Each structure stands twice: as structure tokens, then as C-alpha cells.
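Biologist: Hi! Could you walk me through this one, a bit at a time?
Modeller: Happy to. Here it is.

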Amino acid sequence: MSLARTQRSEPAELDSADRRIINRLQDGLPLVESPYAAVAAEISLSEGELLYRLERLLEDGVLSRFGPMYHAERLGGGLTLAALEVPEADFERVTAAVNAFPEVAHNYRREHRLNMWFVLATETPERIDEVIAAIEAATGLTVFNMPKQEEFHVRLHLPV
Amino acid sequence: MSVSTCPSEPMAATVSDGLDDLDRALIVATQAGLPLVPDPWGAVGKPLGLDGNEVRARMQRMQDSGVIRRVAAVPNHYRLGYVANGMTVWNVDDAHIQRLGREVAAITGVSHCYRRPRHLPEWPYNLFVMLHGRSQAEVESQAEALRELLGDACRDHRILYSSRILKKTGLRLARRPGPPR
């Protein structure tokens, strides 16, 4: 996935078919033999049109990804949210340094003294501390590690 | 935050033991995305020597066990017009956070709700609630509803808006399966 694509942020123009696709596919693809044909039939599109539009929505960065959403901890992996206080003048350098770690699954700039917030997903829980140490070494900054202690709710659905 | 999302059952660290090398190969093959072809299962299985039905059965098993949450589209909030994405953080009395966390989670519009550690003195907030709106005013009115719900148990809160996606790739495993755990 190219950076240019993920960084696009202006609202996209979506027609009714795009909206039906986005709303339907946030809920999940059925694991049936011809899954796209099944979903297309539900939302009154042909399979070809669904696939064409889905590809375009991904290329245009309207969808950041389409596929299985894996649960890091159930894969035996580690997961955490971490934050950095990045000096403005150094923001681009630190962004590049942090993003270079494959364990950084996503990274957002947020408007606060702690202005960089990223999620680390590692293959083992022990790796989290190693990656944090490596990020501190690469950036020269202190990482605030905020692993979840309790989960009350998770279900992202953005209707359009 | 697609990678952090999961059902709220208790964590089972040993579930991964149920995955074999082919499951892991399937994970590696699909973590960038599912092929956009009429038979995605067959397309994923072919280089691994699996037929589509076997791939589908394995994916179903992983979905049933919670390793896969679902096979779904992950939207770019901004591109959908959700330009105000606020990570609201709350300093909630530890004695009440379990009950209040569950009540907050039930509010419409809340996508993620977690308890996380404070880092005193810099960071006093222990309840993280993600809110998404088409304007900051929309997020602020959602936050106001949360503030009323939390009442006296909440000493302070902040809304941290995301102003740029710096990276969003989701979970990545190494190409080669690791040793059995």
C-alpha cells in the first residue's frame, strides 16, 4: 500500500452503489463459495461491478484495506497503543523512523503534547518491549506505552 | 484501529496453538488483503497447494475461534466524510471504571472503549473512548453525553483529534511461519 494512498484525506464523492458496498462490507464478507457474487446480489449489483468498484474504492483510499481482520493477541502476538511527544521540527523524520518498523500497524498524528499515537502489533508479547526500546533508540524520544488493561467495546462501523 | 478490534470474550493466549503452518501461511497470504476475483479462496490457496474449499474451511475455523474477527472492508474515516475522529480520554475513578466503561460502551457512536494505564504526572487518563463524527461539533456533543454519564467519577477529560493518518497497514506477520509455540 502506497503512502500517498493512505494519506489522502479529503472526503470522497460516493454514489449510491459505493455507499451500499461500503456499508455492507464493513459488516463482513460471508465465507461462502462465491462470496462477492453473494454480496453483489444482496445489494443489487453484478459481481463484476462490485469487484470493479471495490478495487476502485481501495485505489482511491476510500477503503484502507479489504480482507481478514486478524486478532493479534489470539494469534499469540502482542498489541499495544503507544505515544510520543515529537518536536514539530522533527516530525517528518520521526514519522519515517516510526513507520519503518513493520510492527507499527497504524500511526496517527493527534493534536496534543503527545502528538504521535501508534499501534504496535508483534508476533510475540515479549517483542513489544524490544520494539519500544528500538523505537526509543531510533527516535531519541520516550515512548509512552499504554497497553489495554480492559476492553469494554470494539465495533467500528461508519455508515455512509 | 482495525488491528486492535476484537470481540470482548476473555483473552485466550493459547488459541494460537490451534493454528498450523498452513493457517499461518494463509494469514501471511491475506494480510495485505483478499484477492478481488470471483473465487478469492481458490486464488489464495493455489500457491499453497490448497483448493478453495480447504481455504474457506480454514478461514471459517479461524473466524469461529476469533483469530479472524471478520473478513471486511476497513474504511478510511476521512474519505467517508468522518473528518472528526476524536480519541477521548478520561480520568475516571478506578473504583467505578468497570461499571462506567461498560455503560460508555453501550452508547451509540462509540467504536472502541478501553481501560489503559495512566502515566503520572504527564498522562492521568485511564479510559479511552473513540468517537467519530462528520464535524468536531458532532464529536463534542457525543463527548458531552459521556461526561454526563461519567458524572463525578470523572475528574478531567480531553479530546485528541487525529489530524493525519501517518500509517495504516493493519497487522503484518513475517513471511515465514515461526517455530511452534
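Modeller: Let's begin with B:Arg79: its relative accessible area is 4%, so B:Arg79 counts as buried. Keep in mind that this is a predicted model.

Biologist: Okay, where is B:Arg79 found in chain B?
Modeller: B:Arg79 sits in the loop between β1 (68-75) and β2 (84-92) of chain B.

Biologist: And which residues does B:Arg79 touch?
Modeller: Leaving aside residues up to four places away in sequence, B:Arg79 touches A:Arg8, A:Ser9, A:Glu10, A:Pro11, A:Ala12, A:Asp60, A:Gly61 and A:Val62.

Biologist: What does the side chain of B:Arg79 reach?
Modeller: The backbone oxygen of A:Asp60, at 2.7 Å.

Biologist: Let's step back. How many residues of chain B are in contact with chain A?
Modeller: On the chain B side there are 93, and they meet 86 residues of chain A. The two chains bury about 8900 Å² between them, with 58% of it on carbon and sulfur atoms.

Biologist: Which residues in chain B lose the most area to chain A?
Modeller: Our friend B:Arg79 is one of them, along with B:Leu166 and B:Lys167. Together they make up 11% of what the chain B side buries.

Biologist: What lines the largest cavity?
Modeller: Its lining has 12 residues, and those nearest the centre are A:Tyr108, A:Arg110, B:His77, B:Met130 and B:His132. By class, the lining has 5 nonpolar, 6 polar and 1 charged residues.

Biologist: Which strands each supply at least two residues of that lining?
Modeller: From chain A, β3 (104-110) does. From chain B, β3 (110-115), β4 (127-133) and β5 (154-168) do.

Biologist: Last stop: helix α2 of chain A. Which of its residues are buried?
Modeller: In α2 (residues 16-26), the buried ones are A:Ala17, A:Asp18, A:Ile21, A:Ile22, A:Arg24, A:Leu25 and A:Gln26.

Biologist: What covers them?
Modeller: The cover includes α3 (35-42), α4 (47-59) and β1 (63-70) of chain A, together with β1 of chain B.

Biologist: And what caps the N-terminal end of α2(A)?
Modeller: A:Asp15 does: one of its side-chain oxygens lies 3.2 Å from the backbone nitrogen of A:Ala17. After the helix comes A:Gly28, with a positive phi near 120 degrees.

Terms used. Residues numbered from 1 in each chain as written. Chains lettered and ligands numbered in written order. Predicted model: local features only at pLDDT ≥ 70, side-chain atom pairs only at ≥ 80, totals over all residues. Heavy atoms only, no water. 1 Å grid on protein atoms, 1.4 Å probe; cavity = no way out; pocket = protein on both sides within 12 Å on 5 of 7 lines; lining within 4 Å. Helix = DSSP H or I, 4+ residues; strand = E, 2+ residues; numbered from the N terminus. Nonpolar A, V, L, I, M, F, W, Y, C, P; charged D, E, K, R; others polar. Buried < 20%, exposed > 50% of the residue type's maximum accessible area, 1.4 Å probe, protein only. Polar contact = N/O pair within 3.5 Å; in protein donor to acceptor, adjacent residues only side chain to side chain. Contact = heavy atoms within 4.5 Å. Buried area = accessible area lost by both parts, 1.4 Å probe.
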